[in-house]
Amino acid sequence: MSDRNEAARARLLQRLDEIVQSAIASGHALAVLALGSSGRELDRVDEYSDLDLWVIAEDGYQQDFLVNMDWIHAASPIVHQHKHGLTGYSIVFEDGIFAEVDAFELPDLSALEFAEARIAWKRPEIPDTIRFAQKETKRWQRTVDELVGEALGNLYVGLGRFHRGEKLTAMRFIQVYAVDRLLELAHLLETEHPAWPDIYGNERRFEKRFPGLAAVLPRLLQGYERSPESAQVMLEFLDEHFTVNPALKAAIISRYKPAGPDKQA
């Protein structure tokens, strides 16, 4: 790890400790769990890393941590905060550190899916097993044909919307949804490089994990006005590497350019 990243890690961990001390001082915290790069993945911390932590409150005290944020302000000055859900806040500290802080009570943990956390602090009576999710993480494992089929469907629908003038939704269908399916197929196209995969965000560190496929992405993501061009590259790529339904391929090609006056469906 570079000196710069070492300094960033020290700064991040110091802020985490300051928040932990504020939670302890409240008198109603049972534990603080660190997740992501500030959790078990400290080796990947750099100057752009965030804090992601959960305060586990005594029964009946979750809202105390959420309604009154003085305990966070006591850790370090804050320049911005906003709720990112029912259980927590996104925060920007005065020195630029970004943090996502959530508060839960012990019974809440049984319903949460999360990767193994790191215990930043806990009361002695709280078991070490608190760092493990009690709920099994389940992901829909689709077949290659299903993923390719959905990507092709995204191209077809997206091209129709582009020519209707719905360029924003077209961009999302062609350059987001279809590309997301391709990311799911990446392991069939290239050996994955070790780079801390994220079970909740396949796009995370994709450039390090699949550098070969990442090199193709600029041609697949050509921007708001170039969805047809992006769709053409995607279709050609899928056709080269997978089995593509000929009829659907022809239908997609027919939509590269509008066949006649725009029609509203």
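Reader: What percentage of the 265 residues in the protein do buried residues make up?
Author: This is a predicted model, in which local features need pLDDT of at least 70, side-chain atom pairs count only at pLDDT 80 or more, and totals for chains, interfaces and linings use all residues. Residues are numbered from 1 along each chain as its sequence is written, and side-chain values use heavy atoms, with hydrogens and water left out. Buried means under 20% relative accessible area, exposed means over 50%, and partly exposed lies in between (1.4 Å probe, protein chains only). Of the 265 residues in the protein, the buried ones make up 40%.

Reader: How many helices and strands does the protein have?
Author: Helices (H or I, at least four residues) and strands (E, at least two) are DSSP runs, numbered from the N terminus. Counted in this way, the protein has 11 helices and 6 strands.

Reader: What is the radius of gyration of the protein?
Author: The radius is taken over C-alpha atoms, and the globule rule is 2.2 Å times the number of residues to the power 0.38. For 265 residues that rule gives 18 Å, and the protein lies well over this value, so it is more spread out than a compact globule. Its C-alpha atoms fill a box of roughly 70 × 40 × 35 Å, taken along the principal axes. The radius of gyration is 23 Å.

Reader: What share of the accessible surface belongs to carbon and sulfur atoms?
Author: Accessible areas come from the Shrake-Rupley method with a 1.4 Å probe, and for residues only the protein chains shown count as cover. The accessible surface of the protein comes to about 14400 Å². The part that belongs to carbon and sulfur atoms is 52%.

Reader: How many Å apart do the centres of the positive and negative side chains lie?
Author: Lys and Arg count as positive and Asp and Glu as negative, while His and the chain ends are not counted. Each charge is placed at NZ of Lys, CZ of Arg, CG of Asp or CD of Glu. The protein has 30 positive and 42 negative side chains. The centres of these two sets are separated by 6 Å.

Reader: With the side chain of which residue does serine 76 make a polar contact?
Author: Serine 76 is in the loop between α3 (70-73) and β3 (78-85), and its 10% relative accessibility makes it buried. Contact means heavy atoms within 4.5 Å, and, not counting residues up to four places away in sequence, serine 76 touches Arg15, Glu18 and Phe93. A polar contact is a pair of N or O atoms within 3.5 Å; within protein, one must be able to donate a hydrogen and the other to accept it, and residues adjacent in sequence count only if both atoms are side-chain atoms. Serine 76 makes such a contact, at 3.4 Å between side chains, with arginine 15.

Reader: Which side chain is joined to that of serine 90 by a polar contact?
Author: Serine 90 lies in strand β4 (residues 88-93) and is buried, because its relative accessible area is 3%. Beyond four places in sequence, it touches His80, Gln81, His82, His84, Phe98, Ala99 and Glu100. The polar contact, of 3.0 Å, joins the side chain of serine 90 to that of histidine 84.

Reader: Is leucine 35 buried or exposed?
Author: Leucine 35 lies in the loop between β1 (29-34) and β2 (51-57). Leaving aside neighbours within four places in sequence, leucine 35 is in contact with Asp52, Leu53, Trp54, Phe114, Ala115 and Ala117. At 9% relative accessibility, leucine 35 counts as buried.

Reader: How many Å separate isoleucine 119 and glutamate 150, C-alpha to C-alpha?
Author: Isoleucine 119 is in strand β6 (residues 118-122) and, at 23% relative accessibility, is partly exposed. Outside the four places on either side in sequence, isoleucine 119 touches Val32, Leu33, Asp128, Ile130 and Arg131. Glutamate 150 is 31 residues from isoleucine 119 in sequence, and in space the distance is 40 Å.

Reader: How far apart in space are glycine 223 and glutamine 175, C-alpha to C-alpha?
Author: Glycine 223 is found in the loop between α9 (217-220) and α10 (227-241). Apart from residues up to four places away in sequence, it touches Gln175 and Ser230. Glycine 223 and glutamine 175 are 48 residues apart in sequence, and their C-alpha distance is 7.9 Å.
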